[in-house]
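Hi there,

Here is the structure I promised to pass on. Please have a look at it first, and then read my notes below.

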Amino acid sequence: ALVLRQFVLRCGDPTRELDLAGMLLRTGKSKGGLDLLESLAKRYGDDPMTLGQVGELLIRYDGPAAFIERVYGRLIKLDSSEEAHLVALGEYYFSVDRKDDAIATWTRIEGAMRNAGKAQLVLARLFADHEMNDEADTHYRRALDLMPGKVPPRKSYALFLERVRRGGDALAAWELVHAALASDEIDARQEARRHIVDLAVGLSQIQSRMTAWQADQGRDSRLLLAEALLGTGKLVEAEALLSGAGASDVESLLYLDVVYEKLNRADESLAVLGRLLTLDPPRAAVRLRRMAELAQALGRGADVERFARRAVDLAPTDGLAQEYLGDVLAGQGQLDEALSAYRRGATLDARRMPLRFKIVRMLERLGRPDELSAALMALVERATDPADILAAGRALAGVGGDTLGRLEALLLRLSAEHPRQTTYRDLLIDVYATLAERQRRLRFRDP
C-alpha cells in the first residue's frame, strides 16, 4: 500500500489519489484514507470538482463531521449559486439525525439559485423525498405561483399528490398538466390521460367523467374518453368513437391503432399507420418498422423489406432502423446485404454491443474467419460489460489459426492498461488453459 501511494502521489493526478483514498477507506485503513483526503483538500482547495469528490468520499465512509462541514463550507464559498453542494450537505445532516441543520441548509437554496421558481421546485422535491409533506406542499405551491403555465412543476406536484394519496387534488393537477402540454407532446399527453383515467376509476368517478367527456365535442374530451374506453376494455365503442368524423388527428389515430392491435386486425392497423406517416413525419421511421412487423405477421415478405428500406431512407442516421433492415434481410437469406446494414448500424451506434454480436454471427454464417477474428478482437477491446468481453474472448478460442496468440498479446496489454478490470486476467487464464489443452493433444498425436 505504501509503494502504491508513493506511485500515485508521484503521478500528480488527483483522480488516482481519490481512487486510492477510496480504496483505503473501503478496506478499513481509515487513517491513511483520511490523511490522503486531508492532503487533497489542502492542495486542491480551489478546485470544486476535486473538492466535491473529497466531500462525497467523506460522507460515504462516515468521515469526521468537522471535516465534512469544512469541505462543503469551502465548496459553497467557491460557488455560492451551485445548489448541489447545499443539497449534499443537507443530505448528510439528515442522515445523521440533524434534521434542523438539514432544513436550515436546504433553505439556503432560496438565496443561492438565480431562478426563484426552480429554487422552490428543488426544495419541494427535497422535502417530498424526505416525507416532509407539508413543507413539500408549501414549496410546490410557491413554485407553481412563480412558474405559471410551466409543465415540470405541475407534473411534479401531480405525482407528489398521488404519492400522498390526495386523489381528488391529484386528478385536478393532472388535468392542468394535460391542458398545459403542447399538442405535439404526444407521449406526455397520453401519460397525463392515463393518470386522469386511473385516478377517476380510483375515486369512483369514471362513469360520470365518461358521460361528461362524451357530451363534450372537444378533441381533448374525445381523447380522454378513448383512454377510458380502452382502459375498461370497451373496444367496439372505442373503435366507433375513433373512426368517426373529426377523429383524424395523430393522437386519435394512435388510439385507433391500439384498438386494432387488441382486436388482432393487422390490415386495419397497417392502414392507420400509413395515414400516420404523412401526419407525423418525425416518427415515420418508427411507424415503418411497426408496419414491417405487421406485414411479417401477415406473411407479406415483399412489404416487410419495402417498409424496412423506407424506414432507412427516411432516417439514414438511425442505427436501430439499419439494424432492423439487417434483421429483415437476414431472415430472407440476403446475408451480404444484412451484414452491410448491421455494419452501418454499428458505425452509427458504436456502443450497441448486441448489434456487434449480430455482425459476428453473420460472419460465422458467411464463413469469413479473418473478418470474424477481427470483429471479435474489436469486441474484446471495446466492450465495457464483462459478460460481453468474456463472450467475445471465448468465441475467439474456436476461430483457429494464430488467433489465440494475438488474443494473448491483446489481453496482456489491456490487463496492464486496466489493472482493475479482472475480466482480462480471467480471459488470459482461459487462453492459457486452451493453449495447454492444444499442446496436450499434439503430444498424444505424436508417435
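What follows is a short tour, from the whole chain down to single residues.

A word on conventions: this is a predicted model, in which local features need pLDDT of at least 70 and side-chain atom pairs count only at pLDDT 80 or more, while totals for chains, interfaces and linings use all residues. Residues are numbered from 1 along each chain as its sequence is written, and side-chain values use heavy atoms, with hydrogens and water left out.

**The whole chain**

The protein chain has 27 helices and zero strands; these are DSSP runs, H or I of at least four residues for helices and E of at least two for strands, numbered from the N terminus. Its radius of gyration is 30 Å, well over the 22 Å that the globule rule gives for 447 residues, so the chain is more spread out than a compact globule. (That radius is taken over C-alpha atoms, and the rule is 2.2 Å times the number of residues to the power 0.38.) Along the principal axes, the C-alpha atoms fill a box of roughly 90 × 70 × 30 Å.

Of the 447 residues, 43% count as buried. Here buried means under 20% relative accessible area, exposed over 50%, and partly exposed in between, with a 1.4 Å probe and protein chains only. Taking contacts (heavy atoms within 4.5 Å) between residues at least 6 apart in sequence, 47% join residues at least 24 apart.

Helix 13 covers residues 186-202 and reaches 24 Å from its first C-alpha to its last, close to the 24 Å expected at 1.5 Å a residue. The expected span is 1.5 Å times one less than the number of residues. Its buried residues include Ile186, Arg189, Arg193, His195 and Leu199. Among the elements covering the buried residues of helix 13 are helix 11 (151-163), helix 12 (167-180) and helix 17 (250-262).

Helix 17, with 13 residues, reaches 19 Å, close to the 18 Å expected. Glu251, Tyr255, Asp257 and Tyr260 are among its buried residues. The buried residues of helix 17 pack against helix 13, helix 15, helix 16 (235-242), helix 18 (266-279) and helix 19 (284-297).

**Two loop residues with positive phi**

Which way does phi usually go? Most residues other than glycine have a negative phi. Ser204 has a positive phi of about 60° although it is not a glycine. Ser204 sits in the loop between helix 13 and helix 14, and counts as exposed at 70% relative accessibility. Asp97 also has a positive phi, near 65°. Asp97 lies in the loop between helix 6 (83-95) and helix 7 (99-107), and is exposed, with a relative accessible area of 72%.

**Two buried residues in helices**

His139 belongs to helix 10 (residues 133-146) and counts as buried at 9% relative accessibility. Which residues does His139 contact, leaving aside its neighbours within four places in sequence? They are Glu110, Gln120, Leu123, Ala124 and Phe127.

Thr423 is in helix 27 (residues 422-445), and counts as buried because its relative accessibility is 5%. With neighbours within four places in sequence left out, Thr423 is in contact with Pro386, Ile389 and Leu390.

Happy to talk any of this through.

Best wishes
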